[in-house]
Protein chains: 2
Amino acid sequence: MNTKICIVGSTGHINYVLEGVRNDEQASVVGIAPGPEEEGVNGLLGAFSFSKNPPREFDDYEKMLKEMDPDVVVVACHFNNHARISTEALGRDLHVFVEKPVATTLEDLDSVKKAYEDSDSFLATMFGIRYRPTFSTAKKIVEGGAIGEIRLMNAQKSYILGERGEHYRKRESYGGTIPWVGSHAIDWLHWFSGREFKSVFASQSREYNRGHGDLESTALCHFVLADEVLGNVTIDYLRPEEAPSHGDDRLRLVGSRGVLEVRDERVFLINDEIEGVRRVPLRPVEKGIFGDFLNHVRGEGMCKVSAEDSFYVTETCLKARLSADEGRVVELGK
Amino acid sequence: MNTKICIVGSTGHINYVLEGVRNDEQASVVGIAPGPEEEGVNGLLGAFSFSKNPPREFDDYEKMLKEMDPDVVVVACHFNNHARISTEALGRDLHVFVEKPVATTLEDLDSVKKAYEDSDSFLATMFGIRYRPTFSTAKKIVEGGAIGEIRLMNAQKSYILGERGEHYRKRESYGGTIPWVGSHAIDWLHWFSGREFKSVFASQSREYNRGHGDLESTALCHFVLADEVLGNVTIDYLRPEEAPSHGDDRLRLVGSRGVLEVRDERVFLINDEIEGVRRVPLRPVEKGIFGDFLNHVRGEGMCKVSAEDSFYVTETCLKARLSADEGRVVELGK
């Protein structure tokens, strides 16, 4: 049985979908439409130009969903439209693979959660970094007990700003740097420690954003998790253009018996059994995030990114943003 | 003219003094005494066993100060006694070189500051890490403008806990991990950015401190500085015994045109002029902290660690500890 996929918009990490479909003979993209604000899909159409069965193009995503009756809807629009389209798709009992953040306001997030509860569909957000060889290797090492109980976590996101489109420059369409860039790192804190977030204090600044309007160029988030586990996230868009890579993702996990780090596309471990710093061999990637998602919706496995995690991390990001906006500690609770 | 030095206690970084005296023909240690809680100096006496003019030993530091009439008093006792002895020494118009933190309570700090204001003496605390080849090289690079305006700072202190003496295990004598370990890193944030601290939010935990009583094994501090400059400090005692070094000091400075890092006893730079990551050659150390201090008190130069910085950073540490103790944001102001 073929899994039919429709794509709405092409912002962000749509490459996860293209890669997943390329590696899956049972899945095909049957329709493509821009988002409600005309978010272009031209670049995306190019990706199918050599396909024997190219997807149909639509002007109107609602019409597409009605006519094509897909199994899966991929949502990657201006970030403020993710919630609305996800809610609509869940309302049609379609599975949803949505760019993070799932929503840019807590009210919108509630709508998606409600639509999810009322449906029998699955939803996952694009926390694709979990699937990188570094992060998936790190996860296995931690699960194997090599660092004991996690007590302290330091996560870093650092990006080249470049010249970004209009929808990055307005809070309303962008949502903020903490939800957009920080959500990955906030996901790591939760995913690795398995702990509930108890409170957050965050700060942010727009200084030196080079004409990017509302976009915050720096941010810091400080989390207290259950059992006094501590975690921080540092975020910036100040990575120089000449840097050796677009992003500099890092994670340092300090445990009761060792320290594990992801840095420079490598994983480093020190603990009470080994001498010196050991570079951990990376596990090959078995399946990317969209392949994992497709397995899940076909009942052939559990996607590493659950709907619950997607919602919980989004909520935590939005409350971290609230903390930064208002300069106060925000309590968090499941 | 010979600079006469008396030493009270021998905790912490007394090696700065030994090294400074060894390299200075015009300075000599003339007396050694334990602190008011009998803080031993036996280890210290060994260091002078081959000296032609070994220092006199005293049982009572007050008697020592009276009889020897030194120019400089070095204070390195149980941390809660630093303030009291510094205050007494300043009251005698002696110069004071004191282990950090200068004080373990804000009231004690006020006493030292008042004594300093009323005296013509100099005081500096042992922020010796500023003088390491890595940190002093980093400072020159930043002053040269290679990273532009500093916008975001991430500082790290990570130590092997080992088995520590009784005075580390009680808050009253130890003062807390944020003032003891964190003070270095909090000093870096201020020293590198030159900015005033505006607020702090901090957290800490004693979990997994392996029977060390009140000692906090992990801590996180989140600072907002003037002009929305952000800085965080991560502190832990969970570095495994088998690690390649006792401590893992790191500093990452994100500026408007580049990023500079101190890590693994090296300095790394990326900016908008160079391609890839550059390892910066380290400047040789010209003079250690105590040599610099001696120059200052002889009127031959300005010590890189000022009395104002010593007091300001101590105050900031104590307010960060207050934030962690009470779980609330603490406003900071000069």
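1. Polar contacts across the interface. Between chain B and chain A, the rule finds 20 residue pairs in polar contact, both residues at pLDDT 80 or more. A polar contact is a pair of N or O atoms within 3.5 Å; within protein, one must be able to donate a hydrogen and the other to accept it, and residues adjacent in sequence count only if both atoms are side-chain atoms. Seven elements of chain B each give two or more residues to the side that touches chain A: strands E7 (150-158), E8 (197-205), E9 (218-225), E10 (230-236), E11 (250-255), E12 (258-263) and E13 (266-271). E9(B) gives the largest share, seven residues. Helices (H or I, at least four residues) and strands (E, at least two) are DSSP runs, numbered from the N terminus.

2. Basis of the model. This is a predicted model: local features need pLDDT of at least 70, side-chain atom pairs count only at pLDDT 80 or more, and totals for chains, interfaces and linings use all residues. Residues are numbered from 1 along each chain as its sequence is written, chains are lettered from A in the order in which they are written, and side-chain values use heavy atoms, with hydrogens and water left out.

3. Extent of the interface. In all, 55 residues of chain B are in contact (heavy atoms within 4.5 Å) with 55 residues of chain A. The two chains bury about 4,000 Å² between them, 61% of it on carbon and sulfur atoms. Buried area is the accessible area (1.4 Å probe) that two parts lose on being put together, summed over both. Leu220(B), His222(B) and Glu242(B) supply 15% of the area that chain B buries against chain A, more than any other three residues.

4. Salt bridges. The rule finds four salt bridges across the interface of chain B and chain A. The criterion is a side-chain nitrogen of Lys or Arg within 4 Å of a carboxyl oxygen of Asp or Glu. Arg252(B) and Asp236(A) form a salt bridge through their side chains, at 3.0 Å from N to O.

5. The nine-strand sheet. Chain B has an open sheet of nine strands, in the order E14-E13-E12-E11-E7-E10-E9-E8-E15, with mixed pairing. Two strands pair if DSSP finds at least two bridges between them. Ile150(B) has Gly255(B) in E11(B) as its bridge partner.

6. The six-strand sheet. A second open sheet of chain B has the order E3-E2-E1-E4-E5-E6, with parallel pairing. Its edge strands are E3 (56-57) and E6 (123-125), and each pairs on one side only. Three bridges join E5 (residues 95-98) to E6(B). Phe97(B) has Ala124(B) in E6(B) as its bridge partner.

7. Backbone points to check. Most residues other than glycine have a negative phi, and most peptide bonds are trans. In chain A, the bond from Lys100(A) to Pro101(A) is cis, with omega near -5 degrees. In chain B, Lys100(B) and Pro101(B) are also joined by a cis peptide bond, with omega about -5 degrees. Pro101(B) lies in the loop between E5 and helix H5 (106-118) of chain B. Tyr208(B) is not a glycine, yet has a positive phi of about 60 degrees. Tyr208(B) sits in the loop between E8 and E9 of chain B.
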